[in-house]
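Here is a short report on one protein chain. Keep the sequence and the 3D view open while you read.

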Amino acid sequence: MAADPYLTGAYAPVYTERTELSLPTEGELPEELDGLFTYIGPNPVVPPTGYRARHYAWFRQDGFVSGVRLSGGRADWFRNRWIRDRRVCRAMGEPRPPGPRHFLSDVVHTNVICHGDLLLALVETGCLPARLTPTLDTVEYTPLYSGLSNGVSAHPKLDPNTGELIMIAHTPLHTWGEYLVIDPQARVQRSERIEFGGRPLVHDIALTEQHVIFFDSPVRFQPSIAIRGQLPYRWDRRHQARIGVFRRDDGPRSIQWFEITNCFVLHAVTAASSGDHILLRALRYERMFDHSDDPLAGGGGLLWEWDLDLVTGAVRERQLTDRMQELPRLDPRTVTADSRYYYAITGSSEAIAQRQPTGILKHDLLTDTTVVHDYDRTGGSPTEAVFVPRGAAEDDGWLLHLLYDTERDMSKLIVLDSRDVAAAPIATIDLPCRVPSGFHANWIDGASIEAVDAALTEPSL
Ligand SMILES: [Fe+2]
């Protein structure tokens with residue numbers, strides 16, 4: 001029997017926590033690049049054997065976060081640490097971190113963000129966030145600074161103008177989701193229910209200055225599959241895909257539904273308001289989790305556009321490109337604006353189905369043109385690229401991403417110039433091990449890291 005694809009190659013687990021202070025660097029790291037690059041995904045603390053290896057459930061494994069601290073033109077350190085969930089603490093002989101979980105599982109493995117002075121690892125479907133130190137140790141599970149009563153989304157959107165963190169949280173325990181607005185001090189400001197009438201997988205949202213937009217697809221929670229240990233979401237033909245739109249000020253009571261051709265969307269790209277219309281772009285799949293729980297089995301998503309008429313309720317939809325792609329990222333300063341550019345991983349359908357994306361793309365939505373940094377010739381496979389602003393213009397910045405060196409079975413951190421994505425990297429940092437492929441990358445700037453550090457060292461009042 002062939003090994004599970006998530007136990008081999010770029011996804012194969014690693015079983016050692018490391019700290020490395022000496023990181024060989026090629027090229028010139030920009031001095032202004034001051035912050036922490038993070039990457040997180042599932043990685044089992046105990047090697048799976050027997051049944052657990054034969055029926056390996058990648059998405060259920062323990063959260064494992066890796067980080068590279070950059071400052072003053074240097075790579076200061078690399079660290080990787082498991083999030084201290086119940087299983088990890090048992091395996092490592094450590095006490096469990098304090099704080100409420102509010103869910104059956106305390107595995108947290110999908111994203112790392114900083115909000116207020118909290119560095120947080122996130123997971124959707126119910127469990128509260130895990131609070132981390134700037135060196136990625138787990139401090140506690142936290143309901144934030146005030147009353148987070150259910151779980152969070154792993155894809156909150158930060159409004160760069162108001163400093164609000166906005167999300168739709170969902171859990172298989174309820175047929176409703178929760179619209180959450182978190183203020184800049186990490187306190188829950190609004191918490192309002194959205195009636196789904198079922199248990200859909202709502203992974204991401206899009207945001208404008210006035211609206212929240214999300215997909216309600218036929219991918220639904222299936223309890224019988226959950227019991228078998230597989231990803232408990234499957235395509236359910238009884239449901240019709242639709243897009244939900246509501247005003248941020250009115251909340252979900254103003255929700256408007258737009259029925260669309262059946263599909264699934266994991267990640268939104270951007271949304272823009274224009275008069276009574278919202279133009280939504282996202283990466284679309286014809287089907288998802290139909291016969292398998294592997295999201296990559298059918299290749300990547302395709303860029304589509306939905307033009308939503310808020311007055312008539314009409315929707316026009318069309319495909320914009322035929323290039324397979326996933327993990328789209330924006331300049332964080334344009335999250336609520338009409339973004340012109342986005343960045344994503346790409347590759348042929350075969351390459352993505354084999355979990356080996358081969359390039360990083362930059363797409364210009366205005367001119368409908370794409371530039372690709374292609375690693376195909378050198379045998380490397382990139383993971384999600386995060387945009388770090390440099391100058392004032394929307395695309396003036398750096399793109400940071402991990403690259404799996406397939407020949408050496410090691411990872412590198414790559415810095416690309418986002419204005420010249422196809423050019424050779426500005427800098428390449430050799431990491432001391434492979435970072436197992438997972439979910440999401442992020443960048444926490446130096447000032448935020450200092451605030452996180454200060455909050456942890458100040459005596460509590
Ligand atoms: Fe995601």
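Strand β18 and strand β19 (residues 256-259) run antiparallel and are joined by four bridges. Look for Arg 242, which stands opposite Glu 259 in β19. Keep in mind that this is a predicted model.

Strand β18 (residues 242-247) also pairs with strand β15 (residues 211-216). The sense is again antiparallel, over six bridges. Here Ile 213 has Val 245 in β18 as its bridge partner. Strands of a sheet pair through backbone hydrogen bonds, either parallel or antiparallel.

## The iron site

Which residues hold the donor atoms of the iron ion? The protein donors are His 155, His 203, His 267 and His 440. Each gives its NE2 atom, 2.1 Å from the iron ion. Along the sequence, the spacing of these donor residues is H-x47-H-x63-H-x172-H. His 203 and His 267 link distant parts of the chain, 64 residues apart. His 203 is in the loop between β13 (188-195) and β14 (205-207), whereas His 267 is in strand β20 (residues 264-274).

Are His 203 and His 267 buried or exposed? Both are buried.

Why is the arrangement around the iron ion called irregular? The four donor atoms subtend angles of 88 to 146 degrees. Four donors count as tetrahedral if all angles lie between 85 and 135 degrees. For comparison, the ideal angle for four tetrahedral donors is 109.5 degrees.

## Two nonpolar cores

In soluble globular proteins, nonpolar side chains tend to be buried together. The largest nonpolar core in this model has 23 residues. Those that touch the most other members are Leu 29, Leu 33, Phe 37, Leu 70, Leu 400, Ile 429 and Trp 443. Several strands give two or more residues to this core, including β3 (35-42), β4 (63-71), β5 (74-82) and β33 (440-445). The strand that gives the most is β30, with three residues.

Take Leu 33 as an example. Beyond its neighbours within four places in sequence, Leu 33 is in contact with Leu 70, Ser 71, Val 388, Trp 398, Leu 400, Val 415 and Trp 443. There is also a second, separate core, made of 22 residues. Among them are Val 265, Ala 268, Ala 282 and Ile 352.

## A closer look at Ser 66

Ser 66 is found in strand β4. Its relative accessibility is 5%, so Ser 66 counts as buried. The cut-off for buried is under 20%.

What does Ser 66 touch, leaving aside its neighbours within four places in sequence? Its contacts are Phe 37, Thr 38, Tyr 39, Phe 78, Arg 79, Asn 80, Leu 136 and Val 435. Now find Ala 53, 13 residues from Ser 66 along the chain. The C-alpha atoms of Ser 66 and Ala 53 are separated by 24 Å.

## The sheet from β24 to β27

This open sheet has four strands in the order β24-β25-β26-β27, with antiparallel pairing. Its edge strands are β24 (325-329) and β27 (369-374), and each pairs on one side only. On average, neighbouring strands are turned by 25 degrees against each other, direction ignored.

Three bridges join β24 to strand β25 (residues 341-346). Arg 329 stands opposite Tyr 343 in β25. Gly 359 stands opposite Asp 374 in β27. Five of the five residues of β24 are buried, so this strand is largely enclosed by the rest of the structure.

## The sheet from β6 to β9

A further open sheet of four strands has the order β6-β7-β8-β9, with antiparallel pairing. The edge strands are β6 (111-115) and β9 (138-141). The twist averages 30 degrees from one strand to the next. Strand β8 (residues 130-132) pairs with β9 over three bridges. Arg 131 stands opposite Glu 140 in β9.

Which helix packs on this sheet? Helix α5 (residues 446-457) does, touching β6, β7 (118-122), β8 and β9. The direction of α5 makes about 100 degrees with that of β8.

Note on methods. Residues numbered from 1 in each chain as written. Predicted model: local features only at pLDDT ≥ 70, side-chain atom pairs only at ≥ 80, totals over all residues. Heavy atoms only, no water. Donors = N, O, S within 2.8 Å, 3.2 Å for Na, K, Ca; no water. Tetrahedral: all angles 85-135°; square planar, octahedral: opposite > 155°, others 65-115°. Buried < 20%, exposed > 50% of the residue type's maximum accessible area, 1.4 Å probe, protein only. Core = buried A, V, L, I, M, F, W, Y, C linked by side-chain atoms within 4.5 Å. Contact = heavy atoms within 4.5 Å. Pairing = 2+ DSSP bridges. Axes fitted to C-alpha atoms, helices over the stretch in contact; angles between N-to-C directions.
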